[in-house]
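Thank you all for coming. I would like to walk you slowly through one structure today, so please have the sequence and the 3D view open as we go.

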Amino acid sequence: MSPHLLSFRFLFSSCATVAHLRRRELKLLPFPSYPCSTSIAPNTYSQQSRLLSVPSARSKEQTLSPTDCQSSSPHGISNSGTRKKGRRRNRKETSKNERECVPSAEEMSIRVNKLYESGDPLGKKELGRCVVQWLKRGMHSMATKFASTGMQNDEEAFSLDGGSSEGNLGFVILAQPYLSVTPMPKGQEAICLKASTHYPTLFDHFQRELRDVLLQQQNHGLISDWRSTQSWILLKELANSAHHRAAARKPKASIMHSTLGISLDKTRLMQTKIEDFVKKMSDLLHIERDAELEFTQEELNATPMMDDKSKQPLKPVEYLVTHGQSQQEQCDTICNLNVISSSTGLAGLHLVLFRVKGNHRLPPTTLSPGDMVCMRTCDNRGEVATSCMQGFVYNLGEDGCSITVTLKSCRGDPTFSKLFGKSVRIDRIQALADAVTYERNCEALMLLQRKGLQKRNSSIGVVATLFGDKEDMMMLEQNHLADWGESTIHDDELLERYNYDFDASQSKATALGLNKKRPVLIIQGPPGTGKTGLLSYIIACAVRQGERILVTAPSNAAVDNMVDKLSDTGLNVVRVGNPARISPSVASRSLGELVNRRLKKFTQEFERKKSDLRKDLKHCIHDDTLAAGIRQLLKQLGKTFKSKEKEIIREVLSNAEVVLSTNIGAADPLVRRIGCYDLVIIDEAGQAIEPSCWIPILQGKRCILAGDHRQLAPVILSREAMQGGLSMSLLERASSMHDELLTTKLTTQYRMHDSIANWASNEMYDGLLKSSPSAASHLLSDFPFIKETWITRCAFLLLDTRMPYGSLNIDCEEHLDPAGTGSFYNSGEADVVSQHVLSLVQCGVSPNAIAVQSPYIAQVQLLRDRLEEYPQASGVEVSTIDSFQGREADAVVISMVRSNSSGAVGFLGDNRRMNVAITRARRHVALVCDSSTICNNDFLARLLRHIRQHGQVRHVEPGSFGGDFGLGYNLPALPSIN
């Protein structure tokens, strides 16, 4: 440093020195060592041999203690007055300041090395109160001197940089004498030394003190406008200099999220993404809700009109008015029901028992336990009189005359009371708008927005993973908050006990799933790859590691399937949900059954006491006081039973190792109150809309999404909502995130014949799906009880209703459903399907091993009617493609229905739906269609080409039975390639 750096002109100007020489005392101060000039300043000081002029408030040399330093005002000026009142006030302030000046434990724990992390001024949080007060006194003295020099208009004295070309260092050196007057607070010396050399902090305190001094002078009339003083102008010139900007505005170090270890800027970006996502999904849910309500109203209004003359419903009969008919069709509606009784089930479910009027039995009906229904009052002809009340079929009475329905309304609901004493009609609705589902989806989105990135949120790692970018994922791993590798933990005992024999892709998925530090894992399981068995093993291993697990799925059938898989593992499994929607095969694992089992003796005692009290009540009807006491006892008895029931529910759920429910059911307070889960697994996640997945995810520390987004997507009624993105599942969105970092794929299938699997692999899975040797060549004829014919030796069969030269039987044309459903049916194809099913049965294939599918509900109903005509086909399951997902059969027959001159195929062109239909088969799949119509779609044309290359083709027409196990089939005009 050049010698002129210490030429502090305003300190040693002749005017300043002479004016105050008599009131000053000069003393030689030891030059402090401060880091920014450790080697330069002391040497320079010794070379210059300058005496620093220090302001002194006393006539003798001062040595201040912390108590002495607090006796002055906040601006460093003595408050001693001539009046006693002033002295007393001064002593009070002094004693108060003395108490405040004692460094707290937090201030004593301030780390010195944090003070240089940024160029911003340091405040109380970084320095502590005592150090801040020490700085203020020194800077107030310096500001007072600077302002007084400015009032004397000594132009040579105006310099804040000490003449230095690097004014920042000069300013720091100028400040040292003034800071040295006041002793440093005890225990804070290191922080004081750091702060005294931190230019942004010194400048910030100096400009505030200078402003206060100038304002005080303006108030006393010494100056007219403090902003126009030469002192303030000079300060602003320094503030606008390049040296000041470089020192005081250094890039601020990123403040990190205390839990994630990610910068707050990145965290705010995540929050913005979450808010945008929540707004978008909320709008789409509202649109879908409106579409559901509209569809529901159309269904409720679609009641057949009555003929005024005959007073009988027009065909087709869809509901029953009188019950004395001998021949009746199965229907979705039951009329003329009376409310018999009501009771409260588990968790407050309201069960209502209905019975048919008179001595009549229930009509033949398609209603079954779990069906969603609506109840309305009606007249004797079944015409509706009141609005709809939603519920579920709980059970059908064994006497054949009663039906029990679970209502969603409360017992005191005035709408419910309208059913008593009235004729009630029950209708099954295919897609009844469910307010609870909508509300719980919206609630999950609000929780995601409000608590998603809060450090108290147990699922914060999952949220950050699904809304962050690849850089954030790497940062999580660097901070040891996430591990994207495989776990080395394997449970060989479980592998041996349950005969698990995993291939390479399954072993990798298992290792990833057992990694406790992996927030999210996507397991893409194509058809037949053993996804459900793999999940059951992961669950068993995780439980043995001490984890509590929540398993959900979008449908009750998928949840029950998982319960069935876990039933043999010996785990404490509890199935939570509406008892009416739980499969009887797993009902023993349901919460209701477990609680009732535990409450059996208590319930018997409760019923005995209640019966005794009611008997006593009958005997004291005329004694109002005694009757009131008994009623009070009955009320208290009911409260005791409810309290005991809640206690048992909490106990059962708290002791459960695995809790299973639907995605929507996971929002049940019974599930939420248990607390945080260590692992959340969502099966068949590709069929669930994303808002519903956030319901269970926000209750766990990490999650596994299992499914296949190449199969059926979530069902969306509104085209606008579908195009807006509501149909994209979380599994599909997350599978491609972060360069597929979150995803692992199962690549070996154990279900299908190789000719079936090859088509799915090439069309849907980029050729990655391989067949296990155990399944690659198996056929129906491999079973010893099945005859070996050309049918049972064929794995992939095309039954083409279009003749070789283009002719088509008139019965094989498509027709629109006259019932107004908008669905299609094809009578000729129904006959061909029936013939082929009978051929399989006659070959020895069990009817229970055969599944018939069609994408159209009208065709499904027609196929059911046709197959019911053949007793030998009893047991063959007929269903839509959508309802058969997740299941399999040895032989599958598919009716494509569409046959028209325009080549329209409708939603048959949905490759995911066809993927589901064909990959349900293990050993044999037969496709019944009009090839000239189907081939107009590129995807379906490739399917037909594959069958011709790897299967067999038969041109068929509905007709007479003939041939040996080839009923009604013409010989192929063009023999298959194989």
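Let me start with a term: two residues are in contact when they have heavy atoms within 4.5 Å. With that in hand, residues 24 or more positions apart account for 74% of the contacts in the protein with a separation of 6 or more.

A word on where the values come from. This is a predicted model, in which local features need pLDDT of at least 70 and side-chain atom pairs count only at pLDDT 80 or more, while totals for chains, interfaces and linings use all residues. Residues are numbered from 1 along each chain as its sequence is written, and side-chain values use heavy atoms, with hydrogens and water left out.

The protein has 35 helices and 23 strands, where helices (H or I, at least four residues) and strands (E, at least two) are DSSP runs numbered from the N terminus. Of its 978 residues, 51% count as buried, and buried here means under 20% relative accessible area, with exposed being over 50% and partly exposed in between, using a 1.4 Å probe and protein chains only.

Let us turn to a pair of helices. How do α8 and α10 cross? The axes of α8, residues 129–151, and α10, residues 189–196, come within 10 Å and cross at roughly 45 degrees; such axes are lines fitted to C-alpha atoms, for helices over the stretch in contact, and angles run from 0 to 180 degrees between N-to-C directions. That makes α8 oblique to α10, since angles under 35 degrees count as roughly parallel, over 145 as roughly antiparallel, 65 to 115 as roughly perpendicular and the rest as oblique. On the α8 side, V131, W134 and L135 meet I191, C192, A195 and S196 of α10. The residues of this contact divide into 6 nonpolar, 1 polar and no charged, where Ala, Val, Leu, Ile, Met, Phe, Trp, Tyr, Cys and Pro count as nonpolar, Asp, Glu, Lys and Arg as charged, and the others, Gly among them, as polar.

Next, the strands. A closed barrel of 6 strands runs in the order β1-β2-β5-β4-β3-β6, with antiparallel pairing, and two strands pair if DSSP finds at least two bridges between them. Neighbouring strands of this sheet are turned by 50 degrees against each other on average, direction ignored. Strand β1, residues 333–344, is joined by 3 bridges to the antiparallel strand β6, residues 424–428; there L337 has V424 as its bridge partner, and T333 stands opposite D427. Strand β1 is also joined by 7 bridges to the antiparallel strand β2, residues 350–356, where T344 stands opposite H350.

Now to helix α22, residues 556–566, in which N556, A558, V559, D560, M562, V563 and L566 are buried. These buried residues pack against α21 (531–544), β8 (549–553), β9 (573–575) and β10 (658–662).

In the loop between α25 (624–655) and β10 we find E657. Is E657 buried or partly exposed? At 30% relative accessibility, E657 counts as partly exposed. The C-alpha atoms of E657 and R548 are separated by 5.3 Å, although these residues are 109 residues apart along the chain. Not counting residues up to four places away in sequence, E657 touches V543, E547, R548, I549, L571 and N572.

Finally, R450 lies in helix α16, residues 435–451, and at 49% relative accessibility R450 counts as partly exposed.
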